Amino acid sequence: MITTLAAASLAVTLLQAPATAQPEGGDPGGAVTKSEAVNAQAAPAPYEMPTYDPAPRTRAEEPPPRPEPESYEDFRPGLRRLLEDLRSGRLNEEAFVNHAYAKLGYQGGVPKHYRDDQLPAEQRVILGMTLGRELAGLGHPVRRSIQNRMAQADILRPLTTRRAENPAALAVPLSECGQRGKLPGVFDCLHQSANFSVFYNAAGDNAVNPYDGPGTAAQGDVQDNGVPNYVERMTRSLEEGRKTYSSLGYAPREDHDKKVTLFLGSTHVEPGVGFVQPYELADANIIHIGTDFDSSDEAEEFYLPRHELFHSMQYKYVGWSLIWNMRSLNAWMEATAEWGAHQAVAADPAVPYGSRYIYANDLDEFLARPEEELTKQDGFGGGRQYGAFIFAEFLDERFGADAVRHSWERIEDAWFPDGATEIRDMITDDYDRDVHEEFRVFGVANYQLCGGSTAADYGSYWRYQDGDADDWCGALGTTGADGPLAVARPEHETITLPADGKASGQWTVKGGGVHYVDLVGQADPSKLWNMAVRTMQDDDKRLTFTVVNWEKIPRRCFADDKSAREQDKTLDTRIGGSCNVVTLMISHGRPGDDEEEGRWETKYTSLFGGSVGSTDVQIGVQPGGNLITPGGTPSTGTKTTEVGLRHRPTNYEAVSAVACHCEGWGIQVTPPGGVGQWSGWSHGVQGLSENAEITEFTTTPTTAKSTVRLVGTDYPVYVTHEYRPSARPELYDVTVTVTSLAPPGDQPHISYRRVVDWDVEPTPLKEYVTLKADHPKVEFASDYGLAGPDPGSGRPKLHHEGSFTDAGPYDQGTVLDVNVPVEPVPGNPDAGLVGEFHLYYGAAATEAKALEALNAVNAPVYSLAKPSTPGNPGSGAPATFVLGYRPVT
């Protein structure tokens, strides 16, 4: 197969090595330090949090045109008519309020055309929130009259959790029950703390566990004080939650000197659930939590009250326009209440393990449909909006914890707010960030949430830093854990690519959503492909396409993530070997805007490289003929999956162990007379020289062939490297053919350089090196593996040049410059001037075996690299690595 490839210098971040000493004397020869070489391949720069600089905004005295209200077509007929009559003006506010209270069961007299046999819980929620809004708009005397008549109004149903506790007898009579704390006909007991009044019953239906014996003091339990431990724990949770929320800038809606009231065992919610009623319903902050000890259906007392208390903080920001975007705002209310509960339980070491991570229980519901609108609500009490806490966490970590509150402040200031739009505009206007990029990063972060164990796994890519992230993965369970990437992650498509890599697809993504496609290539290390991913969308350009190539989530392979937001853009990536999965992510960066369809096509464009091997040796060959390709199995030492030169029996790596792609070749051409010297090269760090073009690259499982065309000041030169097994299992034969198209009378002088930085496992950066360079065709040799590939750039050394034995242990390599005489091909005058020689890359179990193999192939010049393990530099065990040279005479 003949292909033309662009310059290919890898960009993979694994381990960063310390800087290497500078070469001694002379020109540095294009050399770089080890840290410079590694950093040249680094991933994106670390993230810097933006500054909050809110754009000036004031609410106009007159509201803008009302938006299209949410549809209630799926509601019960009577409720639908009641809400539609209110919106159209056919029903005034006071009449609506009275009908709504009656419809919720707090008084009689619902007109016939507004009646329904029963309302589902979510429809009661909307009616209750609408009632609260309309109450706020009534004149004070009318509002107070109605509120006094409906002192216990309550309707909503939020989150469900449960906790059982073993029955126990009272140690002493309860001191808070009876006439002193009674709410007649409802609660018989009242517990007071600094900021909360907790009404409860100690007996009968919906009662709490009355036990007041030994407990856990850190959780609020006080033995034998006449207050049930359960009530003390619940109250302490509210006080601790209030402390956390106050530190974050939140407070309940203005309530003058009133405390927040908790009805514990409220009959208006099911046991085990909670609800915060709109402030206007009773002109007070009231939380309802259902519990029933006798039926073993108790409300959890550590997490749930903190979640509900955060709702009471949110009502400060939710105004009369709530009805217009009820579902969107409810979704953001639940997402941020879960985030708030997370902050509150994390700040309290007394919270038991079983209650500490309840807030994350519905994360799988959110990531099961990642392409949905960011604030998509699954019906009141549905799981997806609770799982959306992860976006509030994203705001917290990307913009600071205040960003969550700022989103609610924007909602408060808007006439017809919805959560998605205010979040979008906050990111753009108040933080001056590209909202498309933020939602792209959000999508990537969610896909790589699980699977990593160290910071090195993620490189410089943004990830969640929260200490609970591992527990979030536990909440995900096996969601999305399929295919070759057996890691829990958002739901996705999986497409296995055919031999030519051609595939296509489309998906509609909603505002703030992300769609994922795993593209699975061939798991063949001898076939690494360049792949084109064409991305297409309409001219609105709401979508961002990102391609990520994985070694194993979250570790990347081959190259940095690439993204595009154009109408028609092709992204180039690579795939193959053990890095045979590329994930295409399609993110919608405009929450609140219309949905958008994204379309894509893929195809392989050319081979990128391959790993070839014989019995004892494995070599990663680049299209330019230099070494180091990705996609191999983890090495024994540093666990790198890049293959430079491997000793297969031990799986030790010698060239790519510390992510420095410091291996390559170059030539210098000197025309007759010495005028017009020029050079060209292919090198892992410096890439292809500008005058170089790869004209051929083919591989099989055991062979590879690369041809590079170089153009200089006189005639083109072709350099071909053919890799194949030698007669010895320890060595790979690299036949190097240099062809100049100069006529026979214009023979140039050609110098060929091979440079390799040894990083021998299991002690990379500390190896012993022996160099035997006594041969008339050797023009220069030294220990400086970080030299540039151009023979004309200088002759640097680290400590030694020429021949030396067992230098080290320190970080070093080999530079070998040889003369390549070129002659006409007998009988073929059109073939140009040709020179040929052999290199040998290999590895053996000991130094003696390596020397034996070199003698067998008659290689008089060689470099031996050995680890600094016990017994060395003597034995060369467990692996001695080889670069040999043999001229063709």
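Buried means under 20% relative accessible area, exposed means over 50%, and partly exposed lies in between, with a 1.4 Å probe and protein chains only. The model is predicted: local features need pLDDT of at least 70, side-chain atom pairs count only at pLDDT 80 or more, and totals for chains, interfaces and linings use all residues. Residues are numbered from 1 along each chain as its sequence is written, and side-chain values use heavy atoms, with hydrogens and water left out.

View 1. Asn206 sits in the loop between strand E2 (196-200) and helix H6 (229-247); helices (H or I, at least four residues) and strands (E, at least two) are DSSP runs numbered from the N terminus. With a relative accessible area of 17%, Asn206 is buried. Asp224 is also found in the loop between E2 and H6. At a relative accessible area of 36%, Asp224 is partly exposed. Most residues other than glycine have a negative phi, and most peptide bonds are trans.

**View 2. Two cis peptide bonds, at Pro762 and Pro878.** The bond joining Glu761 and Pro762 is cis, with omega about 10°. Pro762 belongs to the loop between strand E26 (749-757) and strand E27 (767-772). Ala877 and Pro878 are likewise joined by a cis peptide bond, with omega about 0°. Pro878 is placed in the loop between strand E33 (861-867) and strand E34 (880-887).

**View 3. The disulfide of Cys177 and Cys189.** A disulfide is taken as a pair of cysteine sulfur atoms within 2.5 Å, and by this rule the count comes to four disulfides. Numbered in sequence order, the bonded cysteines of the protein pair as 1-2, 3-4, 5-6, 7-8. In the disulfide of Cys177 and Cys189, the S to S distance is 1.9 Å. The link is right-handed, with 100° about the S-S bond. Cys177 lies in the loop between helix H5 (140-149) and strand E1 (189-192) and Cys189 in strand E1, so the pair ties together parts that are 12 residues apart in sequence. Cys177 is partly exposed, with a relative accessible area of 24%, whereas Cys189 is buried at 1%.

**View 4. The disulfide of Cys450 and Cys473.** The S to S distance is 2.0 Å, and the link is left-handed, with -110° about the S-S bond. The pair links distant parts of the chain, 23 residues apart: Cys450 is in the loop between helix H15 (435-447) and helix H16 (455-458), and Cys473 is in helix H17 (residues 469-476). Cys450 is buried, with a relative accessible area of 5%. Cys473 is buried as well, at 15%.

**View 5. The disulfide of Cys660 and Cys662.** The sulfur atoms of Cys660 and Cys662 are 1.7 Å apart. Cys660 is buried at 1% relative accessibility, and Cys662 is buried at 3%. A disulfide is a covalent bond between the sulfur atoms of two cysteines.

**View 6. Helices H8 and H13 where their axes cross.** The axes of helix H8 (residues 326-346) and helix H13 (residues 402-413) come within 11 Å and cross at roughly 155°. Axes are lines fitted to C-alpha atoms, for helices over the stretch in contact, and angles run from 0 to 180 degrees between N-to-C directions. H8 is therefore roughly antiparallel to H13, a term for angles over 145 degrees, with under 35 roughly parallel, 65 to 115 roughly perpendicular and the rest oblique. H8 passes H13 in a left-handed crossing, in which the near helix is turned anticlockwise from the far one by less than a right angle; clockwise is right-handed. From H8, Leu329, Trp332, Met333, Thr336 and Trp339 meet Val404, Ser407, Trp408 and Ile411 of H13, contact being heavy atoms within 4.5 Å.

View 7. At 0% relative accessibility, His721 counts as buried. Leaving aside neighbours within four places in sequence, the contacts of His721 include Gly625, Trp665, Val734 and Arg754. Lys705 is 16 residues from His721 in sequence and 5.7 Å away in space, C-alpha to C-alpha. The side chains of His721 and Tyr752 make a polar contact (2.9 Å). A polar contact is a pair of N or O atoms within 3.5 Å; within protein, one must be able to donate a hydrogen and the other to accept it, and residues adjacent in sequence count only if both atoms are side-chain atoms.
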